[in-house]
Amino acid sequence: MLVSVAKTPTPWLTLFLLAAAKVGVTMAVADRYGWHRDELYYLASSRHLALGYVDYPPITPLLARLDQAIFPGSLPGLRFLTVLAGAAIIIITALIARELGGNRLAQSLAGLAVLISPMFIGTNILFQTVSFDELVWAVAGLLFVRLLRGANPGEWLLLGLVFGIGLETKYTVIGLGVAMLVALLVTRARRQLGSRWPWLGFGLAFLFLLPNLAWQVGHGWDSVAYTLYHRGATDGPVAYWLQQFLLIGPQLLPIVVMGVWRLWRDERFRAAAVMIIAVELLFFLAGGKAYYPAPIYPLVYAAGCIWFVEAVRRPWIRRMAVAAAVALSIPLLPLGLPVLPAQAMADSGLWKARTDFADMYGWPELVQQVTAAYRQLPPSDRDSTLILAGNYGEAGALDLYGRGLPPVVSPHLTYYYWAPAHMAPSTVIAVGYSKAQLTPLFGDIQQEGTVGNAYGLRNYEYGLPIYVCRDPLRRLDQAWPRLKALD
């Protein structure tokens, strides 16, 4: 059994250099390719602040609102927040290693592991809930190992605060909480549950969730319906675990495996090992996406790097192994960061392996093509025209880039609730719909354009028809509930 958990000084200079490298490299390419469809959605959400949204809690739109107050309309400015979150995770992972008894080298290597991890390279470039969720999990992991090693029980309140913030950031943090409870129950750490502090922490987290629950009650529990609709959204058990392998990084797989083993061998931290295994199995059995449990990696990296330093005694072998891990990460960069020129990425076909990149292309062109269809309308039709978008990406792009266009509405996810209460347009420009979907609503449907992009990249929007619809068969506001989409 490993018994020494004496803490050593933290290599702050090294960690700040690693964090600076993260910020510098990521921000250097932060304005390539364009806005991701999710970023357009968060930007729109920031203009409709609320206690909840269909597919995420309110903190991320609030952060977008604050960011855009400083960097209005800036894509790099928006992404800067998630890059900072990723940089903070580097430092927190090193602090986890310190709490587990790692020396300065182990702490530095733990930070380096996050820096070169495919998961964190790929997620922190995009403004999404994922990066902030990862930060919440990393802080929760730090507090949990502190509590396991005998920190003041009052830190359960801090952990409750972190979970409360997490619940208002991304609902998947519930999986971490369940896994943590399982880990406590099945190990000797269950004695912590005999104190009032964990339960007070749970109560604090629940208090943070109450505003969002109030929103859910008033909106038909749409987030629950959305979650159930997406249950089982993986590609199957083999693909799930293969994606886990790719997200961990093949160069980091040995320290992940041995990190779990090291935690298991130390009875004081065995609950952390159980939590890691439980969170992986929980999302797998629930049919979650492969990246849902990935924010647990900092804890595993930290433990694995301690194992590496303890197991590999010869400095030259350590240096070679670290150099090899870094070298293996470099060819993978184009899959995680938009380092290639836009045309080269479109031509290479790499976007098929990283579909997030495909979702960054073509939005200005889509708006231009919809605008062209609008300008072809007779002036008499323009005063009673709406634009109907099939999904939040299309609606978000039209909201961002559309100048002089009529109001844009979409029944997709939270956009459904942003539509005007009264909608009875005589003309509708529809994008993202098939003619068969529009036929029950309009008597006259004419295709006036086709969506394309400057790079010829055949993403989801490429080739979609743009319809001008007249002769409404029923008012759009009356048909609106039937159009509601939670896919």
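What follows is a chat about helix packing, a sheet and an aromatic pair in a predicted model.

Biologist: What are the ground rules here?
Modeller: The model is predicted, so local features need pLDDT of at least 70 and side-chain atom pairs count only at pLDDT 80 or more, while totals for chains, interfaces and linings use all residues. Residues are numbered from 1 along each chain as its sequence is written, and side-chain values use heavy atoms, with hydrogens and water left out.

Biologist: At what angle do α2 and α22 pack?
Modeller: About 60 degrees, with the axes of α2 (residues 37-46) and α22 (residues 392-401) 8 Å apart. Axes are lines fitted to C-alpha atoms, for helices over the stretch in contact, and angles run from 0 to 180 degrees between N-to-C directions. Helices (H or I, at least four residues) and strands (E, at least two) are DSSP runs, numbered from the N terminus.

Biologist: Which residues make that contact?
Modeller: Arg37, Asp38, Leu40, Tyr41 and Leu43 of α2, with Tyr392, Gly393, Gly396, Ala397 and Leu400 of α22. Contact means heavy atoms within 4.5 Å.

Biologist: Tyr41 again: which ring does it pair with, and how are the planes set?
Modeller: Trp418; the ring centres are 6.3 Å apart and the planes are at 55 degrees, so the pair is tilted. Rings of Phe, Tyr and Trp (its six-membered ring) pair if their centres lie within 6.5 Å; planes under 30 degrees apart count as stacked, over 60 as edge-to-face and the rest as tilted.

Biologist: How many bridges join β3 to β5?
Modeller: 4, and β3 (residues 427-431) and β5 (residues 465-472) run antiparallel. Ile429 has Val468 in β5 as its bridge partner.

Biologist: Last one: how do α13 and α15 cross?
Modeller: At roughly 90 degrees, the axes of α13 (residues 253-265) and α15 (residues 297-311) coming within 7 Å.

Methods. Pairing = 2+ DSSP bridges.
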